[in-house]
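The sequence and structure are shown first.

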Amino acid sequence: MQSFTYYTPTKVVFGRGVEAQAGALAKEFGAHKVLVHFGGKSARASGLLDRVAASLKEAGLGVVELGGVVPNPRLSLVRQGIELCKKEGVDFLLAVGGGSVIDSTKAIGYGLANEGDVWDFYDHLRDPAACMPIGCVLTIAAAGSEMSDSSVITNEEGWLKRGCNSNTCRPRFAVMDPELTATLPAYQTACGCTDIMMHTMERYLGRGGSMTLTDRFAVQLVRTVMDCALILKDDPQNYDARAEVMWASSLSHNGLTGCGGSGDWASHQLEHELGGMFDVAHGAGLAAVWGSWARYVLDAGPARFASLLGGLFTLPKEGDDTARALAGIEQMEAFFRSIGMPASLHELGVAPTEEQMREMAEKSCWNGRRLIGGMKRLNAQDALAIYRMAL
Ligand code: NZQ
Ligand code: ZN
């Protein structure tokens with residue numbers, strides 16, 4: 001078991017209709033003038049934006065709006081948001097949307113609270129010292145950004161998708177109404193469930209120690225999300241399943257399921273390059289590479305794979321851990337397919353050339369500046385081998 005710090009400062013307000021509290025919450029956390037940041041069309045179309053704006057005005061707060069965040073959120077809009085907030089004297093940022101909107105909001109927060117170019121933080125040239133306070137009204141259960149220390153931004157110059165981690169960006173509050181997620185297309189619901197599962201599986205499948213309590217949380221969280229993903233496939237309006245998945249989204253990425261371990265994260269790094277180059281949905285990209293990654297690193301920790309997958313599936317009793325884990329990996333791929341997720345790049349709908357795979361492999365390792373993964377430390381050659389296997 002490893003020592004750890006568990007830091008989750010986000011106030012969570014969860015249930016039907018809680019978005020009406022957005023204004024009072026922003027005020028509680030010191031807001032006077034709020035940037036409401038949102039995505040393409042869903043929040044406007046559902047009337048959510050109007051309800052949130054009304055709540056902010058009722059609390060006596062000024063409101064500035066900036067929409068247009070796209071999945072794999074872009075640096076150019078972040079820069080626009082920073083300039084707008086400076087001009088308008090904004091002192092609080094409210095994200096109304098999913099991971100992409102929250103991440104774009106966090107990046108704007110860094111740009112406002114620090115001097116210099118905000119991309120420096122994503123290029124890992126320096127760490128942010130602060131972030132303007134953020135709240136969020138979550139509309140999709142997936143990335144876990146509503147409680148995480150992370151944000152991921154895509155720089156159109158070179159199509160670099162990069163993450164930045166800092167406790168300073170954790171939202172002050174997260175408003176979570178599971179009903180808001182009922183309008184999601186089935187594909188996005190499945191992508192979200194996959195991402196939630198992966199945030200816990202990435203934490204479980206490391207080599208730096210573990211805790212029984214954490215492992216048990218982890219298995220039950222992933223099982224719950226799998227059960228609910230199947231329920232939502234047939235019954236997308238099921239409130240209880242929506243609620244389970246939404247809460248799992250936060251708990252899967254706020255650190256709870258990583259206490260005492262060190263995690264892996266190679267699948268995420270490999271996916272971020274797919275997102276940067278091909279603009280694929282994050283959860284689908286993860287499902288497309290996970291099986292290949294798992295087979296590539298399996299010999300470094302067959303017992304760990306067998307214990308996680310044995311908690312999720314019925315594995316054959318005969319055979320060693322490697323054989324049992326391989327059977328579990330196949331079952332996980334079958335599960336992904338059963339909820340409409342891909343288990344290969346071909347099924348994801350992308351066909352990278354050898355040259356494009358080399359480029360992604362190099363970029364995932366920051367052109368030689370780092371190795372990725374925890375179960376096995378991987379360089380660009382390893383990353384390339386996994387992309388080839390995933391074709
Ligand atoms: O723009 P709109 O019209 O809102 O459409 C969005 C978008 O097309 C739609 N959507 C969201 N809520 C909806 C809805 N459609 C109907 N009804 C609703 N209630 O869903 C689409 C996807 O939204 P997005 O925010 O991109 O999804 P997600 O939450 O999966 O976020 C993905 C991004 O988060 C990053 C990913 O890399 C990706 O860029 N991640 C962020 C993390 C973090 N900050 O901690 C961790 C993750 O591992 C991940 O890397
Ligand atoms: Zn993720």
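A residue is called exposed when its relative accessible area is over 50%, and buried when that area is under 20%. The model discussed here is predicted. Methionine 1, at a relative accessible area of 61%, is therefore exposed. This residue belongs to the segment that precedes β1 (11-14). Together with Phe4 and Tyr6, Met1 makes a nonpolar surface patch of about 340 Å².

**Zinc site**

Four side chains, Asp195 (OD), His199 (NE2), His268 (NE2) and His282 (NE2), coordinate the zinc ion (ligand 2) at 2.0 to 2.2 Å. The spacing of these donor residues in sequence is D-x3-H-x68-H-x13-H. Distant parts of the chain are linked by the pair of aspartate 195, in helix α7 (residues 186-204), and histidine 282, in helix α11 (residues 282-297), which lie 87 residues apart. Aspartate 195 and histidine 282 are both buried.

**Cysteines**

The structure holds zero disulfides. Cysteine 131 is in no disulfide, and its nearest cysteine sulfur belongs to cysteine 169, 5.8 Å away. For cysteine 228, the closest cysteine sulfur is that of cysteine 193; at 7.5 Å it is too far for a bond, because a disulfide requires sulfur atoms within 2.5 Å. The table gives the accessibility of two of these cysteines.

| Residue | Relative accessible area | Class |
|---|---|---|
| Cysteine 131 | 10% | buried |
| Cysteine 228 | 6% | buried |

Both values fall in the buried class, since that class covers areas under 20%.

Terms used. Residues numbered from 1 in each chain as written. Chains lettered and ligands numbered in written order. Predicted model: local features only at pLDDT ≥ 70, side-chain atom pairs only at ≥ 80, totals over all residues. Heavy atoms only, no water. Patch = residues over 30% accessible without salt bridge, like charges linked within 9 Å, V, L, I, M, F, W, Y side chains within 5 Å. Areas by Shrake-Rupley, 256 points an atom, 1.4 Å probe, with all protein chains shown as cover. Salt bridge = Lys/Arg side-chain N within 4 Å of Asp/Glu carboxyl O. Helix = DSSP H or I, 4+ residues; strand = E, 2+ residues; numbered from the N terminus. Buried < 20%, exposed > 50% of the residue type's maximum accessible area, 1.4 Å probe, protein only. Donors = N, O, S within 2.8 Å, 3.2 Å for Na, K, Ca; no water.
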